[in-house]
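Please look over the sequence and the model below with the following report at hand. It takes up a surface patch, charged pairs, aromatic rings and backbone geometry in turn.

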Amino acid sequence: MDPVQALEEIASLLEVQLATPFKAKAFRRAAGVIGPLTDDELRARAADGRLKKSPGIGDSSLGVIVEALSGKVPGYLADLREKAGVEVSTGLRALLRGDLHAHSDWSDGTTSIAAMARAAASAGLEYFALTDHSPNLRVANGLSPARLESQLEIVGALNAGLGESDRDGRDRGGRERGELGVRILTGIEVDILEDGVLDQRPDLLDRLDVVVASVHSKLRSPRDEMTKRMLRAIRDPRMNVLGHCTGRLVQGSRGTRPQSEFDAEAVFAACAEHDVAVEINSRPERQDPPDDLIEVALEAGCRFSIDTDGHAPGHFGFLALGAARAEAAGIPPERIVTTWDADRLIEWAGAKKR
């Protein structure tokens, strides 16, 4: 078994199982260390002890590499595969062509834009929108206007098959170069501020392929205040997707959080009127909207976007969970914008701005 593939699969399985993030990072770091080496070089370093002394190679990753070099499926990987069980599979998942909500290490994601792109391609997607956070969300390292402009240039370079450069202008090169096998759409997860204004310069929002807007603060605001806040945002012609509309958490390391209160009939009627898609957030700790609100949005005539809200490469595996929820709710595939091809999606997202 290829050691790099083994390490990356372990990282992805840890991510999709919501393990502590540093574990997945450690295996991805090890994959990056050995990636440039030929099999002969790797075997030689493993045999003479140099690999064990290499920065970024721990005992667990070393064991995986040695077992993979011997032709075995590493025990660590085999255990994770068994824990993962049978993947949730639906007919709708096969129809999904994109994901409109994913983060990179430019905000609070764990890996580079290129690493997320390669993972999206491995998940069978044709495109995904890079939607790092906006300035108001400082805790998530939200993008200032200047940083967002820099990111747009890098997305253009990656789509052209060039390397990604970090914030200091140093090319990450090597494994970051070449065709990624997926189209990266420019985007943002913009904060809906307390007054309902979108948290980014309007001229920059106009340049993006996709704008996901979400509430991240004052989630326990009174029902009427939250409704007014959401309605003002939905009326903004730059908004395309309403992200995780209730903000709830139902499980996971962050604990639980009750859903925000708002007039669902009014909010989803506005989404239908202004052609804003309601996100079905596929993260197992969110499962947002709840089933009863999906039904309200469906009856209101809304479109939907099945997204991962991915913060790590393995999170693209969550799409099957979101697809299963949408299928159970009886949402017709034609009402789900992420079943469309990229050109149709971009045309739809940009139509309101013109």
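Asp 40 is found in helix H3, which spans residues 39-48; helices here are DSSP runs of H or I with at least four residues, strands are runs of E with at least two, and both are numbered from the N terminus. The model is a predicted one, in which local features need pLDDT of at least 70 and side-chain atom pairs count only at pLDDT 80 or more, whereas totals for chains, interfaces and linings use all residues. Residues are numbered from 1 along each chain as its sequence is written, and side-chain values use heavy atoms, with hydrogens and water left out.

With a relative accessibility of 62%, Asp 40 counts as exposed, given that buried means under 20% relative accessible area, exposed means over 50%, and partly exposed lies in between (1.4 Å probe, protein chains only). Together with Asp 2, Asp 39 and Glu 41, Asp 40 belongs to a patch of negative charge on the surface. Such a patch is made of residues with over 30% relative accessible area and no salt bridge, like charges being joined within 9 Å; Asp and Glu count as negative and Lys and Arg as positive, while His and the chain ends are not counted. The place of a charge is taken as CG of Asp, CD of Glu, NZ of Lys or CZ of Arg.

**Salt bridges**

Side chains of opposite charge can pair when their charged atoms come close. A salt bridge is taken here as a side-chain nitrogen of Lys or Arg within 4 Å of a carboxyl oxygen of Asp or Glu, and by this rule the count comes to 14 salt bridges. Three of them are listed below.

| Salt bridge | N to O distance |
|---|---|
| Arg 207 and Glu 149 | 3.5 Å |
| Arg 183 and Asp 343 | 3.0 Å |
| Arg 325 and Asp 291 | 2.7 Å |

In the salt bridge of Arg 207 and Glu 149, Arg 207 lies in helix H9 (residues 202-207) and Glu 149 in helix H8 (residues 145-159), so the pair ties together parts that are 58 residues apart in sequence. Both partners count as partly exposed, Arg 207 at 48% relative accessibility and Glu 149 at 29%.

The salt bridge of Arg 183 and Asp 343 links distant parts of the chain, with Arg 183 in strand E3 (residues 183-191) and Asp 343 in helix H14 (residues 342-351), 160 residues apart. Arg 183 counts as partly exposed at 37% relative accessibility, while Asp 343 counts as exposed at 54%.

For the salt bridge of Arg 325 and Asp 291, the partners lie in helix H13 and helix H12 respectively, so the pair ties together parts that are 34 residues apart in sequence. Arg 325 is buried, with a relative accessible area of 15%, whereas Asp 291 counts as exposed at 57% relative accessibility. Salt bridges that share partners also join Asp 206, Asp 236 and Arg 238 into one network.

**Aromatic pairs**

A pair of aromatic rings is described by the distance of the centres and the angle of the planes. Rings of Phe, Tyr and Trp (its six-membered ring) pair if their centres lie within 6.5 Å, and planes under 30 degrees apart count as stacked, over 60 as edge-to-face and the rest as tilted; by this rule the count comes to four aromatic pairs. The rings of Phe 262 and Phe 268 have their centres 6.3 Å apart and their planes at 85 degrees, so the pair is edge-to-face. Phe 262 is buried, with a relative accessible area of 7%, and Phe 268 likewise counts as buried, at 0%.

**Backbone geometry**

Most residues other than glycine have a negative phi, and most peptide bonds are trans. The peptide bond from Asp 288 to Pro 289 is cis, with omega near 5 degrees, and Pro 289 lies in the loop between strand E6 (277-281) and helix H12 (291-300). Lys 218 has a positive phi, near 50 degrees, and is placed in the loop between strand E4 (210-214) and helix H10 (223-234). Asp 309 also has a positive phi, near 55 degrees; Asp 309 sits in the loop between strand E7 (304-307) and helix H13 (319-328), and is buried, with a relative accessible area of 3%.

**Separations along the chain and in space**

Ala 323 is found in helix H13 and is buried, with a relative accessible area of 0%. The C-alpha atoms of Ala 323 and Leu 96 are separated by 8.3 Å, although these residues are 227 residues apart along the chain. Glu 334, in the loop between H13 and H14, is exposed, with a relative accessible area of 55%; Glu 334 and Val 182 are 152 residues apart in sequence and 22 Å apart in space, C-alpha to C-alpha.

Terms used. Patches are made of residues with over 30% relative accessible area and no salt bridge: like charges are joined within 9 Å, nonpolar side chains (Val, Leu, Ile, Met, Phe, Trp, Tyr) within 5 Å. Accessible areas come from the Shrake-Rupley method with a 1.4 Å probe; for residues, only the protein chains shown count as cover.
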